[in-house]
Amino acid sequence: MNWKDITLSPLLPLWLILALLGLGILALILQYPRLRTRVGGSRCLWLSVLRLGALLMLVGCFLDPASTERVEKKSSPTLALFVDTSSTMGLPGKGGRAGSKKP
């Protein structure tokens, strides 16, 4: 699978999705110092990474990615053979045409 096989059809306008992503990252940056004083450094970093992951997954859902896969089925050419065994084939005629007259 290539990146060329993935198509995006955003549910919202792209500018709105980018604005929401920017606001989310801004909120993460502004909350970091307050959170660090409450829970400590390593826990604060872990929580911020989880929040960033949730934000990116939400943005990914708004982009609505879809993968397309092409499948080609090869088949051999078909040969049809018709045999006419009807009663009209026994009628006299020139060149296989029934009912033709001689000049």
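User: Where does Asp64 lie?
Analyst: Asp64 lies in the loop between H2 and strand S2 (65-67). Keep in mind that this is a predicted model.

User: What is the phi of Asp64 like, positive or negative?
Analyst: Positive, at about 50 degrees, although Asp64 is not a glycine. Asp64 follows helix H2.

User: Is Asp64 buried, exposed or partly exposed, and why?
Analyst: Asp64 counts as partly exposed because its relative accessibility is 33%. Buried would need under 20%, and exposed over 50%.

User: Okay, on to the helices. What span should H2 have, and how far apart are its ends?
Analyst: H2 has 23 residues, so at 1.5 Å a residue it should span 33 Å. Its end C-alpha atoms are 33 Å apart, which agrees.

User: And helix H1, how does that work out?
Analyst: H1 covers residues 14-39, which is 26 residues. At 1.5 Å a residue, H1 should therefore span 38 Å. The end C-alpha atoms of H1 are 36 Å apart, which agrees.

User: Where does H1 bend?
Analyst: H1 bends at Tyr32, by about 40 degrees. A proline, Pro33, follows within four residues.

User: What comes just after H1?
Analyst: Gly40 does. Gly40 takes a positive phi of about 100 degrees.

User: Which residues of H1 are buried?
Analyst: Ile17, Leu21, Gly24, Leu28 and Leu35 are buried in H1.

User: What covers them?
Analyst: The cover includes helix H2 (41-63).

User: Which residues are buried in H2, then?
Analyst: Cys44, Ser48, Leu55 and Val59 are buried there.

User: Let's pick Ser48. Why does Ser48 count as buried?
Analyst: Ser48 has a relative accessible area of 14%. Buried means under 20%, so Ser48 is buried.

User: What does Ser48 touch?
Analyst: Ser48 touches Leu28 and Tyr32, leaving aside residues up to four places away in sequence.

User: New topic, the surface. Which residues make the nonpolar patch?
Analyst: Leu20, Leu23, Leu26 and Leu30 make a nonpolar surface patch. The patch is about 390 Å².

User: Where does Leu30 lie, and is Leu30 buried or exposed?
Analyst: Leu30 lies in helix H1. Leu30 counts as exposed because its relative accessibility is 56%. The cut-off for exposed is over 50%.

Terms used:
Residues are numbered from 1 along each chain as its sequence is written. This is a predicted model: local features need pLDDT of at least 70, side-chain atom pairs count only at pLDDT 80 or more; totals for chains, interfaces and linings use all residues. Side-chain values use heavy atoms; hydrogens and water are left out. Helices (H or I, at least four residues) and strands (E, at least two) are DSSP runs, numbered from the N terminus. The expected span of a helix is 1.5 Å times one less than its number of residues. The bend at a residue is the angle between axes fitted to the seven residues ending there and the seven starting there. Buried means under 20% relative accessible area, exposed over 50%, partly exposed in between (1.4 Å probe, protein chains only). Contact means heavy atoms within 4.5 Å. Patches are made of residues with over 30% relative accessible area and no salt bridge: like charges are joined within 9 Å, nonpolar side chains (Val, Leu, Ile, Met, Phe, Trp, Tyr) within 5 Å. Accessible areas come from the Shrake-Rupley method with a 1.4 Å probe; for residues, only the protein chains shown count as cover. A salt bridge is a side-chain nitrogen of Lys or Arg within 4 Å of a carboxyl oxygen of Asp or Glu.
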